[in-house]
Amino acid sequence: MVAIADPDEDLVRRVGQGDPAATQTLVARKLPRILALAQRMLGDAVEAEDVAQETLLRAWKQAPRWTPGKARFDTWLHRVALNLCYDRLRRRREIPTETPPDRPDEGPAPDRGLLAAETGARVTSALKRLPDRQREAIVLCHYQEMTNIEAAALMEISVEALESLLSRGRRALRQALSDLVPGAAKGDGR
C-alpha cells in the first residue's frame, strides 16, 4: 500500500496533542468548506451549522488516534460531513408533518440583488430536488471544487460512475432552470 501525502498531517498531529492554536487553525481552515457542503446538501442553514459543528467535533476527537498515510484527513472529514447530512435527510423522510414549516416572506424587495437572490433560490431548489447521489456529485465537484478522481474516491465509486451522476444531475438542473438561459429549450439533449 502506498502512503498518501496529506497536507493536514502535521496540523492533525498537533490537534491530537492538544495544541489550541492548531485546533483554531483546523477550524478556520475546514469550517467554511464543511459548512458550504452541508448547506448545499441540506438546504437549511441551521442544520448545516449543526452538521459542521458535529463534523469538527468528531475531527477533534479523532485527531489523537489519526493514522497518517491511509487516507487524506480532508477526505475523511468530507465523508463524515456527508454521512451526517444523509442521516438528517433520512430523518426528514421518516418524520411526517401535518403542516409545512413557517417560511420567511420571499416577496419582492426594493434592493437590486433581488434577481440574483431569486436565481440562487431557484438553483438551490432545483439542486434539492435531485436524487441524493447526483446532488452529492454536483456539490463535491462544482461547489467543493474537488476533482472527479477525488469526488469518486470520496463517494466510493468509479470515476465513470461519478461522471454519469454528474451528467444526469446537470441535465436535470439544465431542464429545471431552462427558462433562465435565453434560447435554451427543455430537453435539448445537451
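Author: A definition to begin: buried means under 20% relative accessible area, exposed over 50%, and partly exposed in between. Keep in mind that this is a predicted model.

Reader: Is R79 buried or exposed?

Author: The cut-off for buried is under 20% relative accessible area. R79 has 19% relative accessibility. R79 therefore counts as buried.

Reader: Which residue does R79 meet in a salt bridge, and how many residues apart in sequence are the parts that the pair ties together?

Author: The side chains of R79 and E136 meet at 3.7 Å, N to O. E136 is buried, with a relative accessible area of 0%. R79 lies in helix α4 and E136 in helix α6, so the parts tied together by the pair are separated in sequence by 57 residues.

Reader: How many salt bridges does a search of the whole structure find?

Author: One of them joins D87 and R90, with the closest N and O atoms 2.5 Å apart. D87 and R90 are three residues apart in helix α4, which means about one helical turn between them. D87 is partly exposed at 29% relative accessibility, and R90 is partly exposed at 39%. The search of the whole structure finds 16 salt bridges.

Reader: With which residue does R29 form a salt bridge, and is that partner buried or exposed?

Author: The closest N and O atoms of R29 and D8 are 3.2 Å apart. R29 lies in helix α2 and D8 in the segment before α1, so the pair ties together parts 21 residues apart in sequence. R29 is partly exposed at 41% relative accessibility.

Reader: Which residues are linked with D8 and R29 in a network of salt bridges?

Author: The R29 and D8 pair belongs to this network.

Reader: Which element gives the largest share of the lining of the second largest pocket?

Author: About 160 Å³ of space lies in this pocket. Of its 13 lining residues, those closest to the centre are R33, R72, D74, M146 and E150. The lining divides into three nonpolar, two polar and eight charged residues. The largest share, three residues, comes from α2.

Reader: Which element gives the largest share of the largest nonpolar core?

Author: This core has 44 residues, and L37, M41, F73, L140 and L162 have the most contacts inside it. Among the residues F73 touches beyond four places in sequence are V12, L26 and W66. The largest share of the core, nine residues, comes from α4.

How values were computed: Residues are numbered from 1 along each chain as its sequence is written. This is a predicted model: local features need pLDDT of at least 70, side-chain atom pairs count only at pLDDT 80 or more; totals for chains, interfaces and linings use all residues. Side-chain values use heavy atoms; hydrogens and water are left out. On a 1 Å grid over the protein atoms alone, a cavity is a set of points where a 1.4 Å probe fits but cannot get out, and a pocket is an open set with protein on both sides within 12 Å along at least five of seven lines; lining residues have an atom within 4 Å of a point. Grid points are joined across faces, edges and corners, and a volume is the space filled by probe spheres set on the points. Helices (H or I, at least four residues) and strands (E, at least two) are DSSP runs, numbered from the N terminus. Ala, Val, Leu, Ile, Met, Phe, Trp, Tyr, Cys and Pro count as nonpolar, Asp, Glu, Lys and Arg as charged, and the others, Gly among them, as polar. A nonpolar core is a set of buried Ala, Val, Leu, Ile, Met, Phe, Trp, Tyr and Cys residues joined through side-chain atoms within 4.5 Å. Buried means under 20% relative accessible area, exposed over 50%, partly exposed in between (1.4 Å probe, protein chains only). Contact means heavy atoms within 4.5 Å. A salt bridge is a side-chain nitrogen of Lys or Arg within 4 Å of a carboxyl oxygen of Asp or Glu.
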